[in-house]
Amino acid sequence: PRAATTLEKSRAMGKNLIVSILRVVPLALYLRSAACKFAIPIAGCDGALCPVALGKPGDCAPTANTAEQYAWCEHAWTPWANGLIARVPGVSSVAPKIRCSKADGYEFAKIIGALEVLGYLALWTTPARGAFLLTAIMAGAIHFHMTFLKDPIGKLTIQFALLFASATIAMLTTEKKAKKKATTKSKSTRRTTSSRKTKRG
């Protein structure tokens, strides 16, 4: 029993370490992404717009800075999102039109940025929920790249890495929660059984 307990503790420590590493290494990219959506001049967010980001020729590489994300939001994310809404019967007539331009303060970009921050912060308080939110965001991003931009899977390495990282945290933390519930239920059952035996005696 003691050896089994030690092994279980080692496994738990290993899972916690994996979750901690994934929070910091790949998933912290969401904070940089959100900062750029809110035009916070850190981590290169205040860089110039690279023409390549819009499919034009140039000798630069896109960095997903504020200017590039706003351009993507206005010319790509918004028509993609509005197109999805239009396909849902009964929703298009009720749902407000998604907007993302200088006139509305790049509203849609900031909504996504707020969800990214919320999801990342939740990784540290309620990991399963935070991971689920980030997984949903990245699943949407991959859908956008593959259906709207027609990007091949080979170009989506970062996106799939982020999807895998958040999905892994969701799986590990949900499994841990389920085991904790099962252990609590088992202890409660043992107490009830012991109590009944005592009363009979």
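Select Phe-144 to begin; in this predicted model, Phe-144 is buried, with a relative accessible area of 6%. The cut-off for the term is under 20%, so a value of 6% places Phe-144 in the buried class.

Trp-80 and Phe-144 form an edge-to-face aromatic pair, with 5.6 Å from centre to centre and 70° between the planes. Because Trp-80 belongs to helix H3 and Phe-144 to helix H5 (residues 127-148), this pair ties together parts that are 64 residues apart in sequence. Trp-80 is buried as well.

How are the rings of Phe-144 and Phe-148 arranged, stacked or edge-to-face? They are stacked, at 5.7 Å centre to centre and 20° between the planes. Phe-144 and Phe-148 are four residues apart in helix H5, and therefore about one helical turn separates them. Phe-148 is partly exposed, with a relative accessible area of 36%. In total, the structure holds four aromatic pairs.

Clear the selection and turn to the charged side chains. Side chains of opposite charge can pair when their charged atoms come close. How many salt bridges does a search of the whole structure find? The search finds three.

Select Glu-116 and Lys-37 for one of them: their side chains meet in a salt bridge of 3.3 Å, N to O. This pair links distant parts of the chain, with Glu-116 in helix H4 (residues 107-125) and Lys-37 in helix H2 (residues 29-37), 79 residues apart. Both residues, Glu-116 and Lys-37, are buried.

The side chains of Gln-69 and Lys-37 are joined by a polar contact of 2.6 Å. Gln-69 counts as buried, at 3% relative accessibility. Leaving aside residues up to four places away in sequence, Gln-69 touches residues including Ser-33, Cys-36 and Trp-77.

Proceed to Arg-99 and Glu-107, which form a salt bridge whose closest N and O atoms are 2.7 Å apart. Arg-99 is partly exposed, with a relative accessible area of 42%, and Glu-107 is partly exposed with 30%.

Finally, select Asp-151 and Lys-155, whose side chains meet in a salt bridge of 3.7 Å, N to O. Asp-151 is buried, with a relative accessible area of 14%, whereas Lys-155 counts as exposed at 58% relative accessibility.

How values were computed. Residues numbered from 1 in each chain as written. Predicted model: local features only at pLDDT ≥ 70, side-chain atom pairs only at ≥ 80, totals over all residues. Heavy atoms only, no water. Salt bridge = Lys/Arg side-chain N within 4 Å of Asp/Glu carboxyl O. Helix = DSSP H or I, 4+ residues; strand = E, 2+ residues; numbered from the N terminus. Buried < 20%, exposed > 50% of the residue type's maximum accessible area, 1.4 Å probe, protein only. Polar contact = N/O pair within 3.5 Å; in protein donor to acceptor, adjacent residues only side chain to side chain. Contact = heavy atoms within 4.5 Å. Phe/Tyr/Trp six-rings, centres within 6.5 Å; stacked < 30°, edge-to-face > 60°.
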